[in-house]
Amino acid sequence: MLPIGSIPSFLLVSALLSLVLATPPSSNPPRQLSWYDKPILEITSRTHDRRLISQLLYKSYEEYLTLVSSNRSPMHVSNDKINSDRECIENTVIRYFLKDIKYITKQYEASECRINTNNKYKSVLQPTPNIHVLVHETSDTIQKQLETKIELELQKNDKFKDTKFYNFENLDYSIECLIGYQEIAQVKMEENDIEAMIEKIVEIPDACSFQKVKHDFDGKHYETIKIDLPLNGTLYCRRGRSSTCNRANSEYKNSRFKVPI
Ligand SMILES: *[C@@H]1O[C@H](CO)[C@@H](O)[C@H](O)[C@H]1NC(C)=O
């Protein structure tokens, strides 16, 4: 975080309101648009809440500051008041471009990590109900809007038009992992996703005073975002130790047992 005194006034409100997500800053120059040169989402004060614009500006500001002042203290930023918050917010345009997509698989923890300490019975491990919903819960409205726009964009493309997203009807929640004495296991979900690479370009007017950080600021801030759109998944038993499951974090209490060992 920046010292409060160094933040332009319009940004301060959102700094206090927003939980700024820690994404690594990127200094990448504009690249050739490879997918579509039309934005899939455009955000201005005419279409969205001013507070949202302010939050996005603040995030850009923080990243920009990190980029240009890695060797300097952020205290060097001018403390001058911005003369026109309104002009800054109202002339900011944030555009999201779909650059590329690919198929990926992801692994999620779908239950606690369990060890069986009972030498007479096997213990039963089952998936956490609705884990496929829980892992995708988000309150990030832009992420949700981007997901919807990407889906719409893909549906226009012959290769992807039959793609079904969030197709989890076939997830088998009745699976049971039977764990023998001193064995360790966890239910996992393997998910197939389409990963979309999004380029976000923030056009920042002079009124926002970014050039007080660096006088030759060119008025644009770039960021690459990945959005994963779930297609489907499978639940399976992962036996033995893993990166998310070991003796130290395993649960043995409240076990359900059946089948003598
Ligand atoms: C999941 O979706 C992929 C890509 O559409 C497909 O190839 C695969 O057969 C599907 N798998 C399941 C388990 O439905």
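Where in the chain is the place of N130? N130 sits in the loop between β3 and α4 (131–134). Its phi is near 60 degrees, a positive value in a residue other than glycine. N130 is partly exposed, at a relative accessible area of 44%. That is one local detail of a predicted model. The overall layout comes next.

The chain has five helices and seven strands. Along the sequence they follow the pattern α-β-α-α-β-β-α-α-β-β-β-β. Of the 261 residues, 44% count as buried. The chain exposes about 14600 Å², and carbon and sulfur atoms supply 49% of that area. Sequence distance matters when reading the contacts. Among contacts in the chain with a separation of 6 or more, 89% join residues 24 or more positions apart.

How far can the coordinates be trusted? The mean pLDDT of the chain is 82, and 80% of its residues reach 70 or more. Over residues 71–84 the pLDDT is below 50. This stretch still has 24 contacts in the model beyond near neighbours in sequence. Residues 1–34 also stay under 50. The model gives residues 1–34 70 contacts beyond four places in sequence. Where pLDDT is low, the predicted coordinates should not be read in detail.

Now take helix α2. It covers residues 50–68. Its 19 residues, at 1.5 Å a residue, should span 27 Å. The end C-alpha atoms are 26 Å apart, which agrees. At the start of α2, a side-chain oxygen of D49 reaches to within 2.7 Å of the backbone nitrogen of R51. L52 lies in this helix. Is L52 buried or exposed? L52 is buried, because its relative accessible area is 15% and the cut-off for buried is under 20%. Not counting residues up to four places away in sequence, L52 touches I43 and I142. The C-alpha atoms of L52 and T141 are separated by 9.7 Å, though the two residues are 89 residues apart along the chain.

Move on to strand β3, residues 121–125, where V124 lies. V124 is buried, with a relative accessible area of 6%. Which residues does V124 touch, not counting those up to four places away in sequence? They are E176, C177, L178, R256, F257 and K258. V124 and I179 are 55 residues apart in sequence, yet 6.4 Å apart in space, C-alpha to C-alpha.

Strand β5 holds I194. At 0% relative accessibility, I194 counts as buried. Its contacts, leaving aside neighbours within four places in sequence, come from several parts of the sequence. They include I101, K102 and Y103. L154, F160, T163 and F165 are also among them.

T163 is found in the loop between α5 (141–155) and β4 (177–179). Despite its place in a loop, T163 is buried, with a relative accessible area of 17%. What does the side chain of T163 reach at 2.7 Å? It reaches the backbone oxygen of F160. Leaving aside neighbours within four places in sequence, T163 is in contact with I194 and L231.

The residues around the ligand are N192, L231 and N232. An oxygen atom of the ligand is 2.3 Å from an N or O atom in the side chain of N232. On its own, the ligand has 360 Å² of accessible area, and the protein covers 39% of it.

One more loop residue deserves a look. S209 is found in the loop between β5 (184–203) and β6 (220–239). S209 is not a glycine, but its phi is positive, at about 65 degrees. At 10% relative accessibility, S209 counts as buried. N130, by contrast, is partly exposed at 44%.

Technical notes:
Residues numbered from 1 in each chain as written. Heavy atoms only, no water. Near = heavy atom within 4 Å. Polar contact = N/O pair within 3.5 Å; in protein donor to acceptor, adjacent residues only side chain to side chain. Areas by Shrake-Rupley, 256 points an atom, 1.4 Å probe, with all protein chains shown as cover. Helix = DSSP H or I, 4+ residues; strand = E, 2+ residues; numbered from the N terminus. Buried < 20%, exposed > 50% of the residue type's maximum accessible area, 1.4 Å probe, protein only. Contact = heavy atoms within 4.5 Å. Expected span 1.5 Å × (residues − 1). pLDDT = per-residue confidence, 0-100.
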